[in-house]
Amino acid sequence: MKQSRMKQSRMKQRLVSLGLALMMVLSIVFMLPAVESAKAAADTPFSRHGKLHVDGIYLKDSSNNKFQLRGASLHGVQWDVGYNYISSESFRTLRDSFGVNAIRIPVYVTQGGYTEGSAAAMDTRIQNAVKYATDLGLYVLIDWHVHDAYGGTTNPNVWKGSAINFFNKYANMYKSYGNVLFEICNEPVNTQWYDGSGNDLYSYANAVIPVIRKYTDAVVVVGTNTWSQEPDKVIGHKLSYSNITYTVHFYSATHIGGDGNWVYDNVKKALDGGIPVFCSEFGVCDASGNGNYNTGSADKWMELFNKYDISYFCWHLSNKGESSAYLKTSCSKRSGWTDSDLTTTGTWFKKTCLAGAAKEKPTGPVTIYEGVDYAKVFDYNYYVNKYPDIKKAFGNDYYAVLRHFVVYGMREGRQAKSNFNVQSYKNAYQDLRLAFGNDLKKYYEHYIRNGFREGRKATGVTTVKNPVTKLNGVDYSKVYDYYYYINKYADIKKAFGNDDIATLRHFINNGMKEGRQAKAGFELRSYKYAYRDLRAAFGNDNKAYYMHYIRNGYKEKRVATGVKELRNATTVYQGVDYSRVYDFTYYVKHNPDVYKAFGNDENAVLRHFVVHGMKEGRQAKDTFNLKAYRSRYADLRKAFGNDNKAYYMHYIRNGYKEKRNAR
């Protein structure tokens, strides 16, 4: 309200207070710890209630329960440079000590405000305020604070273009924030709700709200005429948008709570007419904001608000030296306020909010968190009894236990209900493993949304069913069997356990290169031994043999098991065929040092024979004996003397055709 006849004196007071506030910049600021304890972090207003919406005359949370915002209103953000109450520490004290669940950010349009040169500085403070409140799980009301500062007419249509630009910016900026609400005009004066002129509040709302709705369906709070004291005038001309509520403002020493007061009666008329009402500003003093208190009248207003779950925001957080300020002028602290720091407004507001917070706190287990019901996978008693660390940390803090499960427990794979075990659910369904991998939280969420309804089994499955054999479009089932692989290799089982996708990935990336056998029907060594053409094509590229069998060998019915010795080993080296003097099997059998050095590497063994074996006179085939060949033919001894290799080469090129005896 803060009626026009009182505005000029209040402006003078503000200027004096601003000077004092600037001097307080050097005062000591008592800060709370920057990091919340696990228990404090476990339970916030937004984590409990999620995104809000309007249903009939009620504001409701994401679980469709009636919900009441208990809000603290800041002073105009253009002046907060002196007060410094836009801080995480201030908001934390309001939340934890006062029971506040929302912060109002008044963006003054005039009075040196947003349209009068302060937009850039105010943007920074607005955005800081939203950040601090959001980090603390508080709701935020961004208020386009149209205010009759100079005793004249305050019609929001005067600043309609600026309002459109402002909400276009902030609705877009906070479109994904479920905790942000928008108030499109604070206290219109001397303009009607609806008169058909196109210059009324109804027309203004129809110009501004579509801008917000381009980005978000967040709750929009709409100011009503005569300093937002006549929500009943909306009857018959209610806006057509969803999630809209309408303001009432009162100051309890001027607008006495109870039947017979015109503002109080206007609220009841509006409610009876199906109009949702939202108190975005009130005071415990008179309408000047700096007069006498009437807490009894304020209590009467709260009875009405509590009956209909009407949200309320108390004016205002500062030590400004006004009746409406929460803090005494002697209090320079920015947080951690004690009762001795509070004015009558601050004392009454704290008591009222704490009473509301106490009623809101659950007296028994809960299963709904941010609008999702976890009852299908969560039971409070089961969870705390199964995990003593949870019980020790949170005890009977029902929201904290549920939040731990949602934020940490599901990711850790903790079981919170007897009929849902995430590992069992994962083991049972290949489609889920392919979709979610090791993101355990996804399995819980799937069961809640789909699996329970589909009748999927969620307990008792201790081994992986229908293990994955296909990855990146390739089906490895011809060379891979999950159970064979983990049972054959203990290191694989230890490393990957029931993770069939990780096990398959290991086989693809490592197992094939290492030549590990992953199916009874395919043995790399056997496949390699059996086919000279494959050895010639792939050499020691083990993976290539597996891939060949998958793509070709299986269809060609090639043998892939049971071959113990190298077949049809190569005899050609650098264009020369040594088959008349060399046989791989004979050579490695009679020369164990060669086999020890090269194993079944046919190319290396042949190379050894050509480069070293012939010079050393090693026998590599039963049909060619160097000593016999040399002793039998004098012409060869005369020609080659002690050049052993020459005898082998002569037999290859001439002796065999001449039918010389080399045994």
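Guide: Two strands pair if DSSP finds at least two bridges between them. With that criterion in hand, one may read this model, which is predicted.

Visitor: In what order do the strands of the barrel follow one another, and in what sense do they pair?

Guide: Eight strands close into the barrel in the order 3-4-5-6-7-8-9-10, and their pairing is parallel. With direction ignored, neighbouring strands of this sheet are turned against each other by 30 degrees on average.

Visitor: Over how many bridges do strand 4 and strand 5 pair?

Guide: Strand 4 (residues 102–108) pairs with strand 5 over seven bridges, in the parallel sense. Within this pairing, Ile105 stands opposite Ile142 of strand 5. Strand 4 and strand 5 also belong, with helix 6 (residues 119–135), to a right-handed β-α-β unit.

Visitor: Over how many bridges do strand 5 and strand 6 pair?

Guide: Strand 5 and strand 6 (residues 180–183) are parallel partners over four bridges. Here Asp143 stands opposite Glu183 of strand 6. Strand 6 in turn pairs with strand 7 (residues 220–222) in the parallel sense over two bridges, and the bridge partner of Glu183 in strand 7 is Val221.

Visitor: Which helix packs on the sheet and touches strand 4, strand 5 and strand 6?

Guide: That is helix 7 (residues 160–173), whose direction makes about 160 degrees with that of strand 5.

Visitor: How is the packing of two helices described, and at what angle do helix 27 and helix 30 cross?

Guide: Two packed helices are described by the angle between their axes and by the distance between those axes. The axes of helix 27 (residues 602–616) and helix 30 (residues 644–655) come within 6 Å and cross at roughly 110 degrees. Helix 27 is therefore roughly perpendicular to helix 30.

Visitor: Which residues make the contact?

Guide: Helix 27 contributes Phe609, Val610, Gly613, Met614, Lys615 and Glu616, and helix 30 contributes Asn644, Lys645, Tyr648 and Met649. The residues of this contact divide into five nonpolar, two polar and three charged.

Definitions and conventions. Residues numbered from 1 in each chain as written. Predicted model: local features only at pLDDT ≥ 70, side-chain atom pairs only at ≥ 80, totals over all residues. Heavy atoms only, no water. Right-handed = clockwise from strand over helix to strand, strands pointing away. Axes fitted to C-alpha atoms, helices over the stretch in contact; angles between N-to-C directions. Parallel < 35°, antiparallel > 145°, perpendicular 65-115°, else oblique. Contact = heavy atoms within 4.5 Å. Nonpolar A, V, L, I, M, F, W, Y, C, P; charged D, E, K, R; others polar.
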